Amino acid sequence: MFIRSERLFLRPGWPEDWYEIAQQIADRDVARNLADVPCVNAGREPPVFAAPSSDPRCPHFLVTMPSSLEPARVIGGIGLTDCEGEPELGYWIARQFWGRGFASEAIRAVLRLARTLGHRQVRAGSFVGNPASAQVLAKTGFSPTGDVRQRFSVVNGEAMAFAVHAISLGEPSDCDDDVTDAAMRAA
């Protein structure tokens, strides 16, 4: 499965992406904000973002930036997982691409797909010490649920406060690009 947005191309990961992903997630500022860091066992096993999803209702993608001059560069990862029977969104963007709206654009693209796949609500979260991620979630229509859980951080080696956010996707229409939910149209 592939998704094209205005500036990005979301695609499945391939084994040859492993090295580039490992380098980007090796940046502690990226890794410390992830609950599950696929590169902890660098060199031993491919990360979840570079392996096919086993659940067609919870796909995951590499976020790439196409260029006419060189192959599309991997700039992050995004996907849905099943968390207690509900889809949960997770994402990361390489630090050199922070602040350009790529996370928001990728999230909106995956939310459109989630809606098409029949999901009516998607959860996401951010560690309490990561206000930038909470801001991205708010920008894309997620609202805090008030639920703060403990989630283990592999990089930090301990359970940390994790604020849960959710978005209601509404009913799909006959037109793939017709997103009627106001939150999904948020800038």
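This is a predicted model: local features need pLDDT of at least 70, side-chain atom pairs count only at pLDDT 80 or more; totals for chains, interfaces and linings use all residues.

Let's start with Gln-24, which sits in helix H1 (residues 18–25). Its relative accessible area is 7%, so Gln-24 is buried. What does Gln-24 touch? Leaving aside residues up to four places away in sequence, its contacts are Val-30, Val-74, Ile-75, Gly-76, Trp-92, Ala-94 and Gln-96. With Val-74 there is also a polar pairing: a polar atom of the Gln-24 side chain lies 2.6 Å from the backbone oxygen of Val-74.

Trp-92 turns up again at the largest pocket, where it is one of the residues nearest the centre, along with Asn-33, Leu-34, Tyr-91 and Ser-133. This pocket holds about 970 Å³ of space and has 38 lining residues. Among the elements giving two or more residues to that lining are helix H2 (28–31), strand E4 (73–83) and helix H3 (102–116). The largest share, 6 residues, comes from E5.

| Type of lining residue | Count |
|---|---|
| Nonpolar | 18 residues |
| Polar | 13 residues |

Now for H3 itself. It has 15 residues and spans 21 Å from first C-alpha to last, close to the 21 Å expected at 1.5 Å a residue. Of those 15 residues, 13 are buried, so H3 is largely enclosed by the rest of the structure. After H3 comes Gly-118, with a positive phi near 100°.

Note on methods. Residues are numbered from 1 along each chain as its sequence is written. Side-chain values use heavy atoms; hydrogens and water are left out. On a 1 Å grid over the protein atoms alone, a cavity is a set of points where a 1.4 Å probe fits but cannot get out, and a pocket is an open set with protein on both sides within 12 Å along at least five of seven lines; lining residues have an atom within 4 Å of a point. Grid points are joined across faces, edges and corners, and a volume is the space filled by probe spheres set on the points. Helices (H or I, at least four residues) and strands (E, at least two) are DSSP runs, numbered from the N terminus. Ala, Val, Leu, Ile, Met, Phe, Trp, Tyr, Cys and Pro count as nonpolar, Asp, Glu, Lys and Arg as charged, and the others, Gly among them, as polar. The expected span of a helix is 1.5 Å times one less than its number of residues. Buried means under 20% relative accessible area, exposed over 50%, partly exposed in between (1.4 Å probe, protein chains only). A polar contact is a pair of N or O atoms within 3.5 Å; within protein, one must be able to donate a hydrogen and the other to accept it, and residues adjacent in sequence count only if both atoms are side-chain atoms. Contact means heavy atoms within 4.5 Å.
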